[in-house]
Amino acid sequence: MTTATTDERTLEELQRDHGPALLSFLLGLTYGDRQRAEDLVQETLVRAWLHPEAFDGPYESMRPWLFTVARRLAIDARRSRLARPAEIGDGVLAVTPDPDDATASAEAALDVRAAVRELSPEHREVLVRIYFHGLTVNEAAVDLGIPAGTVKSRSHYALRQLGRSLPGYRPHRAAVARPRATASQ
């Protein structure tokens, strides 16, 4: 089965007559990304080539049809890019620490230990029980002989102090361990 397509001469005229305006339009939609805009112009012209019936429309110019197709293609391309994870270049990988690098891990551990030593004894003992011993808030409260609310408060302020003591350390919200509470809380 063969599909009808637009002849080459008509497509050349279309490119000559509308290509520059289409490129300018798409540069605006792609925030000045010339490569992406050129790709979208090409894809728009491919659509015109595949849909010769568009040339038989009731309008005098193909420009409105081309701009509509180009706009829809630009929207689809943007949605597609947003739906997948961002790509990173080699520059990011070059400065990302190797998780298997024992030196970097040891250095980070020393920094954390020094920062924990700067905490008040009350704040330090709460963090040690919750984050190093793995106790729940209620278990830490019983162990320390203080109310669970006090354990939560001390944990909050201790973590805030650690954030200030460790420059450049900004954990992602999902990665920060939260004190666990039991069902009775």
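What follows is a chat about a predicted model of one protein.

Student: Before we start, what should I know about the numbers?
Tutor: Since the model is predicted, local features need pLDDT of at least 70 and side-chain atom pairs count only at pLDDT 80 or more, while totals for chains, interfaces and linings use all residues. Residues are numbered from 1 along each chain as its sequence is written, and side-chain values use heavy atoms, with hydrogens and water left out.

Student: OK, how many helices and strands does the protein have?
Tutor: There are 8 helices and 0 strands, taken as DSSP runs numbered from the N terminus (helices are H or I, at least four residues; strands are E, at least two).

Student: And how much of the protein is buried?
Tutor: Buried residues are 23% of the 185. Buried means under 20% relative accessible area, exposed over 50%, and partly exposed in between, with a 1.4 Å probe and protein chains only.

Student: Which residues have the most contacts inside the largest nonpolar core?
Tutor: Leu-14, Leu-22, Leu-26, Leu-40, Val-41, Met-62 and Leu-66, in a core of 16 residues. A nonpolar core here is a set of buried Ala, Val, Leu, Ile, Met, Phe, Trp, Tyr and Cys residues joined through side-chain atoms within 4.5 Å. The elements giving two or more residues to this core are α1 (8–29), α2 (34–50) and α3 (63–83). Another core, of 9 residues, lies apart from it and includes Val-126 and Ile-130.

Student: What does Leu-40 touch?
Tutor: Leaving aside neighbours within four places in sequence, Leu-40 is in contact (heavy atoms within 4.5 Å) with Leu-26, Thr-30, Leu-73, Ala-74 and Ala-77.

Student: At what angle do α1 and α3 pack?
Tutor: About 35°, and their axes are 10 Å apart. Axes are lines fitted to C-alpha atoms, for helices over the stretch in contact, and angles run from 0 to 180 degrees between N-to-C directions. On the α1 side the contact includes Phe-25 and Leu-29, and on the α3 side Phe-67 and Ala-70.

Student: Switching topic: where is Arg-129?
Tutor: Arg-129 sits in helix α6, residues 121–132. Its side chain makes a polar contact with the side chain of Asp-143, at 2.5 Å. That term means a pair of N or O atoms within 3.5 Å; within protein, one must be able to donate a hydrogen and the other to accept it, and residues adjacent in sequence count only if both atoms are side-chain atoms.

Student: Last one: is Tyr-31 buried or exposed?
Tutor: Exposed, with a relative accessible area of 68%. Tyr-31 is in the loop between α1 and α2, and has a positive phi of about 55° although it is not a glycine.
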